[in-house]
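Please read them beside the model.

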Amino acid sequence: PTLDSAEDVLTLGDESENPDEFLEMLQVIYPDSYKPVTNKTIHCLLSQADKYQFDSLHTICEDYLLRLSLLKRFLLMVSSTIAKTPVKSISERKEFQALPSSSKYEVVAKRLKNITEATRRLE
């Protein structure tokens with residue numbers, strides 16, 4: 001970064017720097033403007049973390065990927081029985097309890113979607 005005192009402008013990176021990606025990084029790391037990591041933003045955030053050697057951003061991204069991996073493993077584990085398994089039974093599993101709230105919502109939403117589809121087929 002360079003500071004041009006004549007214009008009070010701070011220049012970060014070079015002209016090839018994508019300002020949207022930099023803004024995305026700031027929104028993820030600053031608590032007042034907290035924005036969650038998503039599948040759409042994970043690659044740009046990891047790139048920014050590498051570029052700026054930002055260990056805490058790496059950690060945020062790693063946490064997201066671990067949660068995503070945990071959710072995918074859980075869904076694979078129960079996918080063959082999820083349409084038949086009552087929501088209460090799913091929610092009592094320790095694997096389900098270990099998921100973050102947003103992932104729990106996704107599991108229950110998938111279960112409800114399966115119920116809705118099965119009901120429509122019966123009509």
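1. The sulfur of Cys-44 lies 8.5 Å from the closest cysteine sulfur, that of Cys-61, and is therefore too far for a bond; a disulfide here is a pair of cysteine sulfur atoms within 2.5 Å. Seen from Cys-61, the closest cysteine sulfur is that of Cys-44, at 8.5 Å. By this rule the count of disulfides is zero.

2. This is a predicted model, in which local features need pLDDT of at least 70 and side-chain atom pairs count only at pLDDT 80 or more, while totals for chains, interfaces and linings use all residues. Residues are numbered from 1 along each chain as its sequence is written, and side-chain values use heavy atoms, with hydrogens and water left out.

3. Cys-44 is buried, at 16% relative accessible area, and Cys-61 is buried at 0% (buried is under 20%, exposed over 50%, partly exposed in between, with a 1.4 Å probe and protein chains only).

4. The largest pocket has a volume of about 250 Å³. A pocket is an open set of points on a 1 Å grid over the protein atoms alone, where a 1.4 Å probe fits, with protein on both sides within 12 Å along at least five of seven lines; lining residues have an atom within 4 Å of a point. The volume is the space filled by probe spheres set on the points.

5. Thirteen residues line the largest pocket, and the closest to its centre are Val-37, Tyr-64, Arg-67, Ser-102 and Ser-103. The elements giving two or more residues to this lining are α3 (55–78) and α6 (101–122), and α3 gives the most, with six. Helices are DSSP runs of H or I, at least four residues, numbered from the N terminus.
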